[in-house]
Amino acid sequence: MRWQAFLETVQERGAYPTPQEAERAARVVLALLGAHLVGKERSELAARLPETFALILLNPLQAAEPLTPERFLRATAAWVEGATEQTAAWDTSAVLSVVADACDEDLLHRVLLQLPPGYDVLFGRPVSG
């Protein structure tokens with residue numbers, strides 16, 4: 001996916017007034033996500049993103065433990081000045097739904113297997129059952 005298309009889609013889904021706000025959300029969410037993924041899945045996912053975002057995913061913030069979706073949202077809020085858990089949920093879903101669109105179903109399934117339960121909803125792909 002190209003940089004412009006990625007950012008425009010995040011901006012549209014997040015209803016951000018500027019591309020800079022969409023980029024800020026993407027940088028924070030991908031840095032946190034990268035801390036939770038390892039191995040082939042992280043590399044394959046990065047290969048489907050624009051180079052700048054791929055590097056953020058591959059050089060993530062350090063996580064001491066896997067975060068539940070709720071704690072992921074709190075961590076996102078902590079990294080964005082003036083954010084609340086509600087705005088962090090908005091940021092996260094805007095970015096991760098675009099990431100999910102860049103994946104095929106197999107890769108997305110393998111990514112979700114590395115994450116605690118509940119991330120499927122953040123990616124905009126709730127699993128029934």
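This is a predicted model: local features need pLDDT of at least 70, side-chain atom pairs count only at pLDDT 80 or more; totals for chains, interfaces and linings use all residues.
Because Arg 125 belongs to the segment after α8 and Asp 101 to helix α6, the pair ties together parts that are 24 residues apart in sequence. Both partners are partly exposed, Arg 125 with a relative accessibility of 27% and Asp 101 with a relative accessible area of 36%.

Helix α6, which spans residues 85-102 and comprises 18 residues, reaches 25 Å from its first C-alpha to its last, close to the 26 Å expected at 1.5 Å a residue. Its buried residues include Ala 88, Asp 91, Thr 92, Val 95 and Val 99, and what covers the buried residues of α6 includes α1, α2, α3, α5, α7 and α8.

The structure holds 9 salt bridges. One of them joins the side chains of Arg 110 and Glu 44 at 2.8 Å, N to O, and this pair links distant parts of the chain, with Arg 110 in helix α7 and Glu 44 in helix α3, 66 residues apart. Arg 110 counts as buried because its relative accessible area, 17%, falls under the 20% limit, whereas Glu 44, at 23%, is partly exposed. Arg 110 also forms a salt bridge with Asp 106, the closest N and O atoms being 3.0 Å apart; these two residues are separated by about one helical turn, since they stand 4 residues apart in helix α7. Salt bridges that share partners join Glu 41, Glu 44, Asp 106 and Arg 110 into one network. Leaving aside neighbours within four places in sequence, Arg 110 is in contact with Lys 40, Glu 41 and Glu 44.

Key: Residues are numbered from 1 along each chain as its sequence is written. Side-chain values use heavy atoms; hydrogens and water are left out. Contact means heavy atoms within 4.5 Å. The expected span of a helix is 1.5 Å times one less than its number of residues. Buried means under 20% relative accessible area, exposed over 50%, partly exposed in between (1.4 Å probe, protein chains only). A salt bridge is a side-chain nitrogen of Lys or Arg within 4 Å of a carboxyl oxygen of Asp or Glu.
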